[in-house]
Amino acid sequence: MAERLGYTPGGALDLRCRMMRDRAAASVWVLVVDGLEDGRHVSLHPTRGAACDHADMIIPTEDVAADAVVATVAQRAIGSSQGPVEIIRQRQAPAAAASDG
């Protein structure tokens, strides 16, 4: 496998792997939830899983007024505004039933 990918100690692939490990170790996950009755929620978590678990805990299971609930997680490292961003939950309030006219 290493031969096929061109892995050599100190080579480009080795450097990329080390950089990815360092970024993951130095990153936090930002959870942003919009559409809650109390307003926007923003929190920091050590892992994506912890952020998703927290979203599950704070988003009510019953329908929320007329607003949509959208939860997003983003991985961020110090000094970088780049990284994965993912919508983990998007729930719209039920649409009004169309009337037959």
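**Helix, strands and salt bridges**

A: On one side of helix H3, Asp53 and Met57 are exposed; exposed means over 50% relative accessible area, buried under 20%, and partly exposed in between (1.4 Å probe, protein chains only). Helices (H or I, at least four residues) and strands (E, at least two) are DSSP runs, numbered from the N terminus.

Q: Which residues of H3 are buried?

A: Ala51, Cys52, His54 and Ala55, in a helix that covers residues 48-58. They line one face of the helix, because they fall within an arc of 160 degrees seen down its axis. The arc is that of the directions from the helix axis to the C-beta atoms.

Q: Where do these numbers come from?

A: This is a predicted model, where local features need pLDDT of at least 70, side-chain atom pairs count only at pLDDT 80 or more, and totals for chains, interfaces and linings use all residues. Residues are numbered from 1 along each chain as its sequence is written, and side-chain values use heavy atoms, leaving out hydrogens and water.

Q: New topic: how many salt bridges?

A: Two, counting a side-chain nitrogen of Lys or Arg within 4 Å of a carboxyl oxygen of Asp or Glu. Arg40 pairs with Asp34, with the closest N and O atoms 2.6 Å apart. Glu86 and Arg48 form a salt bridge at 2.9 Å, N to O. Glu86 is in strand E4 (residues 85-91) and Arg48 in helix H3, so this pair ties together parts 38 residues apart in sequence.

Q: Is Arg40 buried or exposed?

A: Exposed, at 60% relative accessible area. Asp34 is partly exposed, at 28%.
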